[in-house]
Amino acid sequence: MTTLISIGELLVEFVSHQKDCHLQALVEYSGPYPSGAPAIFADQAAQCGAKSMIFGSIGDDGFGKVLTNRFSQNGVISEGVTVTDATTGTAFVSYNSDGSRNFIFHIGNTAADSLIFEEAKLPEGDLLLHISGSSLGNEKLRAQINNAVDAVIARGGKICCDPNARPEIMSNPEAFASLKEIVSKSSILLPSTADLTYLYPGLNEAEAIHEVFNSGAELVVLKRGSDGVLVSSASESFELTPFEVEEIDPTGAGDCFCGTLVASLISGKSLLDAAQLANAAGALSVTKRGPMEGNSNISKISAFIASQSVGNKIITRES
């Protein structure tokens with residue numbers, strides 16, 4: 001069985017209950033929630049039945065235990081998680097009426113960027129390493145992630161990348177260069193529409209996807225937000241319309257989508273079935289407060305699909 005590896009920042013997150021406070025007002029917050037894009041991905045993949053392993057670093061404190069307790073609860077292999085004397089990383093988020101978000105991250109000089117990738121901890125057998133571009137903004141993390149990419153490729157493994165190209169990452173030349181290098185080595189690319197704009201400026205959607213395939217990718221799944229999902233491989237191309245749900249907390253939806261999709265593919269599901277499950281999982285994830293509180297197993301996702309009369313419509317395209 002393929003082992004699905006993720007690596008990067010491990011955090012706990014606090015979420016504001018009041019919109020438009022811009023992290024400046026005295027309002028009610030919930031937390032600590034387990035968080036960090038690699039952790040959300042790994043947790044969801046494990047819930048979907050994948051052999052899911054994570055590399056990261058936490059502090060020997062209560063926040064660190066929030067993460068390890070969640071990994072243990074859902075079966076994420078955590079031998080790659082180290083415990084340091086530094087405090088566990090944190091994030092604070094608030095939402096605005098226009099759909100934008102305000103974040104404050106504490107990653108630098110915390111346990112989150114104390115990660116040391118140890119190749120010896122990689123399991124034997126087939127490996128698929130998932131990278132989130134959001135992890136590349138920190139110089140220390142970036143170096144360890146690049147080491148992991150090289151190690152997995154040297155072992156004959158493959159790379160999956162969600163560019164997650166936030167503006168603060170793209171304004172960092174070293175982070176952007178690292179992201180482009182990882183994208184060029186990826187067999188599976190899971191971008192948003194904004195990611196394609198950053199990575200392939202001046203190209204339209206179809207042209208950008210063509211460039212991705214030219215770089216050697218086998219599968220491109222484009223997350224279009226409220227416009228649904230476009231799935232493209234050498235032999236298939238189709239779109240899925242989105243489900244209509246009440247959004248409470250959108251943070252982590254993309255990571256949940258990716259974890260479901262990749263876990264489903266390596267379990268042997270067809271591309272269409274995997275994409276349908278991922279589309280539903282991403283919708284479910286936004287219905288609860290907390291970045292991975294809306295993660296679900298296959299049974300819950302399938303039940304949600306069966307209960308819906310709107311969403312997941314399949315539109316076949318020429319490949």
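1. A nonpolar core is here a set of buried Ala, Val, Leu, Ile, Met, Phe, Trp, Tyr and Cys residues joined through side-chain atoms within 4.5 Å; buried means under 20% relative accessible area with a 1.4 Å probe, counting protein chains only. In the largest such core, which has 41 residues, Ile 7 and Leu 129 touch the most other members. Helix H3 (residues 139–154) gives this core its largest share, six residues. Another core, of 34 residues, lies apart from it and includes Phe 41, Val 231, Cys 256 and Leu 271.

2. The model is predicted: local features need pLDDT of at least 70 and side-chain atom pairs pLDDT 80 or more, while totals for chains, interfaces and linings use all residues. Residues are numbered from 1 along each chain as its sequence is written, and side-chain values use heavy atoms, without hydrogens and water.

3. Leaving aside residues up to four places away in sequence, Leu 129 touches Ile 5, Ile 7, Ala 148, Val 149, Val 152, Lys 158, Ile 159 and Cys 160 (contact means heavy atoms within 4.5 Å). Of contacts between residues at least 6 apart in sequence, 74% join residues at least 24 apart.

4. The chain holds 10 helices and 14 strands, taken as DSSP runs (H or I, at least four residues; E, at least two) and numbered from the N terminus. The C-alpha trace spans about 55 × 45 × 40 Å along its principal axes.

5. Buried residues account for 54% of the 319 in the chain. In soluble globular proteins, nonpolar side chains tend to be buried together.

Technical notes. Buried means under 20% relative accessible area, exposed over 50%, partly exposed in between (1.4 Å probe, protein chains only).
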